[in-house]
Amino acid sequence: AALAGCSRPVDGPGTGELLASDLPLPGRFQVPLPVPPVARPVRVTADTDHYLVTQRVARVELIPGTTTEIWGYDGVFPGPTFRGRRGRRMVVTVRNELPVPTSTHLHGGVTPAGSDGFPTDLILPAGYSPAPPGHHGASGRHHDTTRDYTYPMTQRAATLWYHDHRMDFTGPQVWRGLAGLFLITDEVEAALPLPRGDRDLPLMICDRSFAADGSLKYPQRDMTHPGADGLFHAGIFGDVILVNGAPWPRAEVPAVRHRLRLVNGSNARRYRLSLSAGTITQIGSDAGLLSAPLPREDVLLAPGERSDVIADFTGLPAGTEVTMTNTLGEGPTADVMRFVITGPAADDSRIPATLATPETLDRTRAVAERRFDFRFGGGRWTINNQPYDPAATICSVREGTVELWRFTSDFHHPVHVHMAHFQVLSRGVNGPEPGDAGWKDTVDVRPYETVQVLVDFTGHRGRYMLHCHNLEHEDMAMMANFDIV
Ligand code: C2O
Ligand code: CU
């Protein structure tokens, strides 16, 4: 079996092939940066905030002058931003009014298994269900058109995101818009003098391609079987870079510190992000704050990864254009967005020398070692030579223990583990990189590289999964279940 359009430069955009848009690409740095709406609870009880979100088809203007049909949580893309607080439970009821089944995963969430968005725990389309309209059956029951997801919110402050996770169809369903941000705060973070309000900007970066009529373009080929040409997909790259759903947007900002929560929501594309002026200091990783701020020249983000950074524009003169670029892109995909400095302003934020006091996992705590090999073979993307079987289990681990997991790979595979957060112990022969710091849930594993991580299985028991977060690899079976017992 052959692999479509695939190469493996270690510092390239990742594993995938470019799908070119058929419409003229929009101008860069014209569209104002949108900020997704913040979800409001529909009901608040003593210890729980209840939310309702409806997945539906909507027409929105992503590209100026044309409309695009999306599948969005509440009909927007990205979906509404959830803002939660450690210690306050959240229950999110998702109603499916799309023409297809869905499943919602909170990426980075320390979530009970029944609410984790398992790929076959489907919410059926409302229009196709025997249930009467408005029916809201037993919580979380299968074969329902709504589902309650319970998030205990026992985890540390972090920038998470949520997205569709339907088996075999995650790539096309996320591409159509089923993704949004989920921000958690806690007492430690709230006490830090970090930039707040409109100086705390979530930036979800996704590449997309558009057909001539403005619709989102995605291959018609069935991801689970080779096309007529016998080729398998390596991953899909778009040629339009969207930030919060807008192509190459611009944001007018005062010359002060801003917190940028960078989220790579792309199906397959990796980014190496930098700013043409000002400085970047990383304060957080996927699953929480770092112990101390880390000055960065640039930030590498594989699909699914997040980086929480402070961009310092202090002292830049009014009118300065600060471009966020992607050195792994070419042509239009080398640009991401632009900040335009409006002028000086008061700024009482600081980057404190100590952010949080995360525990450092020690190798001696690992009670077991396992190897997971991510590889193309037998016409599939596989883990340890096995394509995904929703009924199978690759291993059982004990709740509350730490294990050493070793990931090896043939191409670029961003490896994601559900429920459990991990710390990177080693990468190749040169050791961890700055971007490997802190609590992670997704790690960029590069061609022919071994990455060792210490995984903390404290949280919940049940069936969870690990998988490649290149969504086309995921849909082509690069997933495995594990049990926490
Ligand atoms: Cu963000 Cu199992 O995925
Ligand atoms: Cu992969």
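Strand 10 (residues 158–164) and strand 11 (residues 179–185) run antiparallel and are joined by 6 bridges; strands here are DSSP runs of E of at least two residues, helices are runs of H or I of at least four, and both are numbered from the N terminus. Within this pair, Thr 159 has Leu 183 of strand 11 as its bridge partner. Two strands are taken to pair if DSSP finds at least two bridges between them. Strands of a sheet pair through backbone hydrogen bonds, either parallel or antiparallel. The two strands belong to an open sheet of 4 strands with the order 6-11-10-8 and mixed pairing. Strand 6 (79–85) and strand 8 (104–107) stand at its edges with a single partner strand each, so one side of each has no neighbour in the sheet. From one strand to the next, the twist averages 20°, with axes fitted as lines to C-alpha atoms (for helices over the stretch in contact) and angles running from 0 to 180 degrees between N-to-C directions.

All of this is read from a predicted model, in which local features need pLDDT of at least 70 and side-chain atom pairs count only at pLDDT 80 or more, while totals for chains, interfaces and linings use all residues. Residues are numbered from 1 along each chain as its sequence is written, and chains are lettered from A and ligands numbered from 1 in the order in which they are written. The protein chain averages a pLDDT (the predictor's confidence in each residue, from 0 to 100) of 93, and 93% of the residues score at least 70. The model scores are ipTM 0.98 and pTM 0.95. Over residues 137–142, however, pLDDT stays under 50, and the model has 8 contacts beyond four places in sequence for this stretch. Where pLDDT is low, the predicted coordinates should not be read in detail.

The peptide bond leading from Phe 77 to Pro 78 is cis, with omega near -5°. Most residues other than glycine have a negative phi, and most peptide bonds are trans.

A second open sheet has 5 strands in the order 17-25-24-19-22, again with mixed pairing. Its edge strands are strand 17 (250–253) and strand 22 (299–301), each of which pairs on one side only. Strand 24 (residues 321–326) and strand 25 (residues 335–341) run antiparallel and share 5 bridges, with Thr 323 partnered by Arg 338 of strand 25. In the loop between strand 16 (246–247) and strand 17 sits Pro 249. Pro 249 is buried, with 22 other C-beta atoms within 10 Å; a residue is buried if 20 or more other C-beta atoms lie within 10 Å of its own, exposed if 12 or fewer, and partly exposed in between, with C-beta atoms placed from the backbone. The C-alpha atoms of Pro 249 and Val 336 are separated by 7.7 Å, although the two are 87 residues apart along the chain. Not counting residues up to four places away in sequence, Pro 249 touches Val 31, Pro 32, Leu 33, Val 243 and Met 337, a contact being a pair of C-beta atoms, placed from the backbone, within 7 Å.

The largest nonpolar core has 83 residues, of which Ile 205 and Leu 262 touch the most other members. Such a core is a set of buried Ala, Val, Leu, Ile, Met, Phe, Trp, Tyr and Cys residues joined through C-beta atoms within 7 Å. Beyond four places in sequence, the contacts of Leu 262 include Leu 203, Leu 273 and Val 309. Apart from this core lies another, of 36 residues, among them Val 110, Phe 407, Val 451 and Tyr 464.

Strand 34 (residues 462–468) is mostly covered, with 5 of its 7 residues buried. Strand 34 runs antiparallel to strand 30 (residues 413–417), through 3 bridges, and to strand 35 (residues 479–484), through 6 bridges. Val 417 stands opposite Leu 466, and Gly 462 has Ile 484 of strand 35 as its bridge partner. Met 419, in the loop between strand 30 and strand 31 (421–427), has a positive phi near 65° and is buried, with 27 other C-beta atoms within 10 Å. Ala 477, in the loop between helix 3 (471–475) and strand 35, has a positive phi near 90°.

Definitions and conventions
Two residues are in contact if their C-beta atoms, placed from the backbone, lie within 7 Å.
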